[in-house]
Amino acid sequence: MADETERVDAEAVAVALHGTRFSSIRWVKETGSTNADLAGEARHGAGEQVLVTDLQTAGRGRRNRVWDAPSGSSVLMSVLLRDGLAPSPFWTVGAVALAAAQAAGERTEVPATLKWPNDVLIGDAKVAGVLSEIADGAVIVGIGINVNWTAAIVEQFDGRATAINQHSQKSDTEKTESVDRGQLVVDLLVGLENLLKLDVDQLRRLWIDRCATIGRLVRVVREDGDVIGEAVGVQRDGALLVASNGDTTPHFVGDVTHLRPM
């Protein structure tokens, strides 16, 4: 597993991304929140850029949940985008989640899939989460990917979370291989650049093809009451379509739980 002495070759990452949309990239040892840092940059008129850190001390997920990980064990990154995808910021965020799923899936024996609206799964366990905010007209998209975790850390989450390295074992060895975090970031950002060149309909088709939520029985947790039904699609504006009691309704917000068939 990665420890505090392991360092990514940040210069090599920058060289690999030279000439791409994400050639402006910084990799730091520690910061409070990469999203907060880039939101501050955006408010001062900064252009598109990427910030990655080995340790995030004040990171938050959806509904202000804490995202905590040992130093050097994860990819903790935010991307400042000035030119997102219409008609909804959902697809700008969705492109980051899809790029993460593609990059993770290239390193695992089982597919990495998407859970609406912004999680990446391996099996039924979360391997990455995405969070966004708007600042000075820019979209700041943060992502945390569990990369090199020990089995003991994974066990603490009781099947709710996992890491890429726990699914990248070779069939002829019992030793878990360490995943190169620098190359993972490069592959994710190159993939993201390609996805952002697509129109929304093309991206939506790719996103839906990798979405594990569609076709599942789900519970949508909402402030005005939970909805249980089958997730049957995602609208062009990003809303999740849920069929329940003979009606199909769109849901723009709400935590989703995948349920076992009744």
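In which loop does P117 lie? The views below, taken from a predicted model, begin with this residue.

**View 1. The peptide bond between W116 and P117 is cis.** P117 is part of the loop between β4 (112-115) and β5 (119-122). The omega angle of the bond that joins W116 to P117 is about 0°. Most peptide bonds are trans.

**View 2. Five strands make up an open sheet.** The strand order is β11-β10-β9-β8-β12, and the pairing is antiparallel. At the edges are β11 (247-251) and β12 (255-259), each of which pairs on one side only. From one strand to the next, the twist averages 45°.

**View 3. Strands β8 and β12 are joined by five bridges.** Strand β8 covers residues 217-221 and runs antiparallel to β12. Within this pairing, R219 of β8 stands opposite T257 in β12.

**View 4. D136 has a positive phi in a loop between two strands.** The loop connects β6 (125-135) and β7 (138-146). Phi of D136 is about 55°, although D136 is not a glycine. Most residues other than glycine have a negative phi. D136 is partly exposed, with a relative accessible area of 48%.

**View 5. N245 is a residue other than glycine with a positive phi.** Its phi value is near 55°. N245 is found in the loop between β10 (240-244) and β11. With a relative accessible area of 78%, N245 is exposed.

Notes. Residues numbered from 1 in each chain as written. Predicted model: local features only at pLDDT ≥ 70, side-chain atom pairs only at ≥ 80, totals over all residues. Heavy atoms only, no water. Pairing = 2+ DSSP bridges. Helix = DSSP H or I, 4+ residues; strand = E, 2+ residues; numbered from the N terminus. Axes fitted to C-alpha atoms, helices over the stretch in contact; angles between N-to-C directions. Buried < 20%, exposed > 50% of the residue type's maximum accessible area, 1.4 Å probe, protein only.
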